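User: I'm new to this one and would like a walk through it. Can you show me the model before I start asking?

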Amino acid sequence: MCAFPGPPDYVIWEVTLRCNLRCRHCAAAAGRPRPDELDRQEALDVVEQLGELGVPAVALMGGEVLLRRDWVRIAAGLAEREIAVGLITNGTLFDKEVARQVADLGIVQVGVSLDGPRQVHDRIRGVAGSFDRVLRTIELIAGMDLAYKTVITSVNTMNIEYLEETLDILLDKAPGFTWMLNMSSSHEFTRLSSAMMLDKTGFLRLARFIGENRARYKGRLTITATHDLGYFSNVFGELHEDPWNGCQAGISTLGIRSNGDVTGCSILPDRFIEGNVRQRTLKQIWESPECCAYNRQFRVQDLQGKCRGCKYGAICRAGCMDHALAYTGSIYEYPFCLYHMEQQGEIG
């Protein structure tokens with residue numbers, strides 16, 4: 001049994017599920033707030049618990065984080081405890097006043113979502129004019145003194161044909177930003193149908209796009225895959241900013257939902273809930289021997305399918321657990337792996 005007495009390096013906190021958009025690919029099917037969301041005092045108690053646990057960095061997100069009326073108080077509480085704060089927003093409500101608040105709070109990162117050129121972004125987001133608002137937000141962020149400026153694109157069959165156009169937009173509007181690309185996934189309560197997830201051809205296309213453009217635009221735009229793409233490729237090289245060392249759910253990361261549910265990774269479905277802050281403190285949940293046992297107590301023999309017997313199995317642990325689950329029904333077999341494809345002669 002493996003214990004993790006140290007705090008998580010990074011916490012993603014969904015402060016509300018309320019959202020002003022209805023994005024087709026939203027993993028949380030955001031829109032209405034959860035009926036049992038933490039009130040202000042409960043949220044501030046979580047802030048206190050994060051400080052007591054010694055968490056160094058927290059990203060606030062939604063839903064749409066700016067729709068939570070006390071988001072500034074939450075961010076201020078974290079900053080008072082010397083916790084680095086990031087803000088992940090859909091970009092439609094970010095204006096000069098919010099930019100001023102972000103600067104006053106000392107927030108270190110703002111991440112904004114962009115799905116593609118105007119017609120594509122608006123179709124995926126479900127609201128006409130959302131692209132123009134996001135572009136204005138990107139321009140605002142570009143003029144701010146932030147340690148990290150991030151654009152996030154979730155790729156699926158609706159926008160994979162528009163990656164080059166999206167790249168051109170960001171080269172023009174977001175120099176010096178980091179562009180993070182991930183693959184949309186579908187679960188029981190998401191709005192995205194499984195038919196809209198990328199297949200092997202789409203996965204390879206996205207991986208090749210990232211691999212080719214990372215070096216080409218280095219210094220102008222940092223292009224990186226998120227943890228659902230890879231791994232150990234000799235052809236494409238490293239697609240991430242840091243070498244892949246296995247899913248970090250419950251090891252160095254933690255997710256908190258707006259109702260206080262705690263998971264190792266914020267995108268994993270309900271059966272991975274480890275507890276709730278209304279019943280136990282974050283410290284009690286995190287330090288429980290049973291917390292995230294699927295990952296903390298991982299054994300190489302747990303691997304299944306084509307991941308079983310892989311020489312990188314002990315390190316990789318079947319890649320991104322969310323995508324393994326979405327595509328194969330198991331967290332121990334990743335559907336697409338660049339190393340495996342290269343070994344099978346599918347990539348040369």
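**Loops, sheet and helices**

User: Where does Phe232 lie?
Analyst: Phe232 is in the loop between E7 and E8; helices (H or I, at least four residues) and strands (E, at least two) are DSSP runs, numbered from the N terminus. This is a predicted model, where local features need pLDDT of at least 70 and side-chain atom pairs count only at pLDDT 80 or more, while totals for chains, interfaces and linings use all residues. Residues are numbered from 1 along each chain as its sequence is written, and side-chain values use heavy atoms, with hydrogens and water left out.

User: What is phi of Phe232?
Analyst: Near 55 degrees, which is a positive value in a residue other than glycine. Phe232 is partly exposed, with a relative accessible area of 25% (buried is under 20%, exposed over 50%, partly exposed in between, using a 1.4 Å probe and protein chains only).

User: And Cys292, buried or exposed?
Analyst: Cys292 is buried, at a relative accessible area of 0%. Its phi is positive too, near 50 degrees, and it sits in the loop between helix H8 (282–286) and helix H9 (293–296).

User: Which peptide bond is cis around Tyr231?
Analyst: The one from Gly230 to Tyr231, with omega near 10 degrees. Tyr231 belongs to the loop between E7 and E8. The bond from Gly62 to Gly63 is also cis, with omega near 25 degrees, and Gly63 is in the loop between E2 and H2.

User: Change of topic. How many strands form the sheet?
Analyst: 10 strands form an open sheet with mixed pairing, in the order E7-E6-E5-E4-E3-E2-E1-E8-E9-E10. Two strands pair if DSSP finds at least two bridges between them. Strand E7 (222–225) and strand E10 (273–276) are the edges, each pairing on one side only.

User: What joins E1 to E8?
Analyst: 4 bridges, between strand E1 (residues 10–14) and strand E8 (residues 253–256), which run parallel. Tyr10 has Thr253 as its bridge partner in E8, and Val11 has Leu254. E1 also pairs with E2 in the parallel sense, over 4 bridges; there Glu14 is partnered by Met61.

User: Which strands does H1 touch?
Analyst: H1 packs on the sheet against E1, strand E2 (57–61) and E8, and its direction makes about 175 degrees with that of E1. Angles run from 0 to 180 degrees between N-to-C directions, and axes are lines fitted to C-alpha atoms, for helices over the stretch in contact. H2 lies across E1, E2 and strand E3 (84–89), at about 175 degrees to E2.

User: How do the axes of H1 and H2 cross?
Analyst: Helix H1 (residues 40–53) and helix H2 (residues 71–80) have axes that come within 9 Å and cross at roughly 20 degrees. They are therefore roughly parallel (angles under 35 degrees; over 145 is roughly antiparallel, 65 to 115 roughly perpendicular, the rest oblique).

User: Which residues of H1 and H2 meet?
Analyst: Ala43, Leu44, Val47 and Leu50 in H1 meet Arg73, Ile74, Gly77 and Leu78 in H2, where contact means heavy atoms within 4.5 Å. They divide into 6 nonpolar, 1 polar and 1 charged (Ala, Val, Leu, Ile, Met, Phe, Trp, Tyr, Cys and Pro count as nonpolar, Asp, Glu, Lys and Arg as charged, and the others, Gly among them, as polar).

User: Last one: which residues in H4 are buried?
Analyst: In helix H4 (residues 118–125) these are Val120, His121, Asp122, Ile124 and Arg125. The buried residues of H4 pack against strand E4 (109–113) and helix H5 (130–142). Gly126 follows H4, with a positive phi near 80 degrees.
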